[in-house]
Amino acid sequence: MFLFLSKLLPLFVYPMGLSCVLMVVSLVLLWKWPKRAAISISLALLVLLLGGNGWVNQTLIQSLELRHIPPDELPTAEAIVVLGGGIKAQIYPRPWVDVSEAGDRILHGSQLYLQGKAPRLILTGGRIDWKDGGPPESADMAKIAQALGVPQGVILQDPNSLNTYENAVNVRQILDEEGINRVLLVTSATHMVRSLLVFQKQGIEAIPAPTDFLSPPGLSPIETETTWESALLSLIPDSSRLRDTTNALKEYIGLFVYGLRGWI
């Protein structure tokens, strides 16, 4: 039930869900209290304008991504841990597993292995039956890693975890069984803050190796807009920026909830 509620309830806080709630409220108020309905509609519009605004979007993203900028040369470790995300199962009509934006995780983790950063690759991530379907995400990531040249024998899997906390708990068990202490932790840059705290809470010596950066590191939100045309366009709501804003808010909500549960 916690897993279901953790997916459902935040939807009403994210920009799209919150604006829909406000629009429903405005419909209820429209006939008897039109002025209150107008306020609700205005708030819904404001939420969408802010959520899709380029400067707001970049500020939220950079507040997460800039906390763990990787060095030019990552140190070596005993294993590379890749958290699941961005991999779609090979379900018809897909000819093979699909890689979306967060799929950079398995690409980066495989690259680090091929660079000799660690002798083991630990892939973690299951699938929610009622949400995604298909085999565990760790198995699909293993297919991609092997296609990139990672030997099957060096890959370890956690096919059961369904959230970041379970990722860390299950990886802790694998590390204990294998006698591994130090790992490179690979996940999306916006997700790294929460992930690293959860892994450290489990007593894992994790070195952040983020990927899937959504914002140019080192630039302020204003500096990313170099012309008046791009500055003007950043003020207009955009669906991709709305998605990225939602992802950033998801991480802050996750930090709050995980803190309440004592997971970080």
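Predicted model: local features only at pLDDT ≥ 70, side-chain atom pairs only at ≥ 80, totals over all residues.
**Entry 1: aromatic rings**

I started with a search of the whole structure for aromatic pairs, and it turned up 2. Tyr 165 and Trp 263 make a stacked pair, with 4.0 Å from centre to centre and 10 degrees between the planes. I wanted to know which parts of the chain this pair ties together. Tyr 165 is in helix H7 (residues 164-178), while Trp 263 is in the segment after helix H10 (239-260), so the pair links parts that are 98 residues apart in sequence.

Then I looked at Tyr 258 with Trp 263, which is an edge-to-face pair: 4.8 Å centre to centre, with the planes at 85 degrees. That angle is over 60 degrees, so the pair counts as edge-to-face. Tyr 165, Tyr 258 and Trp 263 therefore go down in my notes as one aromatic cluster.

Buried or exposed? Tyr 258 has 6% relative accessibility and is buried. Trp 263 is buried as well, at 11%. Tyr 165 comes out at 24%, which makes it partly exposed, because the cut-off for buried is under 20%.

One more thing about Tyr 258: the charged end of Arg 194 sits over its ring, 4.9 Å from the ring centre.

**Entry 2: helix H4**

Next I went to H4, residues 54-65. This helix has 12 residues and spans 16 Å from first C-alpha to last, close to the 16 Å expected at 1.5 Å a residue. I listed its buried residues: Gly 54, Asn 57, Gln 58, Ile 61, Gln 62, Leu 64 and Glu 65. Where do they sit around the axis? They cover an arc of only 155 degrees, so they lie on the same side of H4.

I also checked the start of H4, where a side-chain oxygen of Asn 53 comes to within 2.8 Å of the backbone nitrogen of Trp 55.

**Entry 3: Ser 138**

Last stop was Ser 138, which is in helix H6 (residues 137-147). Its relative accessibility is 0%, so I have Ser 138 down as buried. What does the side chain of Ser 138 join in a polar contact? The partner is the side chain of Gln 157, at 2.9 Å.

I then left aside neighbours within four places in sequence and noted what else is in contact with Ser 138. The list is Leu 123, Thr 124, Gly 125, Gln 157, Asp 158 and Pro 159.

Definitions and conventions:
Residues numbered from 1 in each chain as written. Heavy atoms only, no water. Phe/Tyr/Trp six-rings, centres within 6.5 Å; stacked < 30°, edge-to-face > 60°. Helix = DSSP H or I, 4+ residues; strand = E, 2+ residues; numbered from the N terminus. Buried < 20%, exposed > 50% of the residue type's maximum accessible area, 1.4 Å probe, protein only. Lys NZ or Arg CZ within 6 Å of the ring centre and 35° of its normal. Expected span 1.5 Å × (residues − 1). Arc of directions from axis to C-beta. Polar contact = N/O pair within 3.5 Å; in protein donor to acceptor, adjacent residues only side chain to side chain. Contact = heavy atoms within 4.5 Å.
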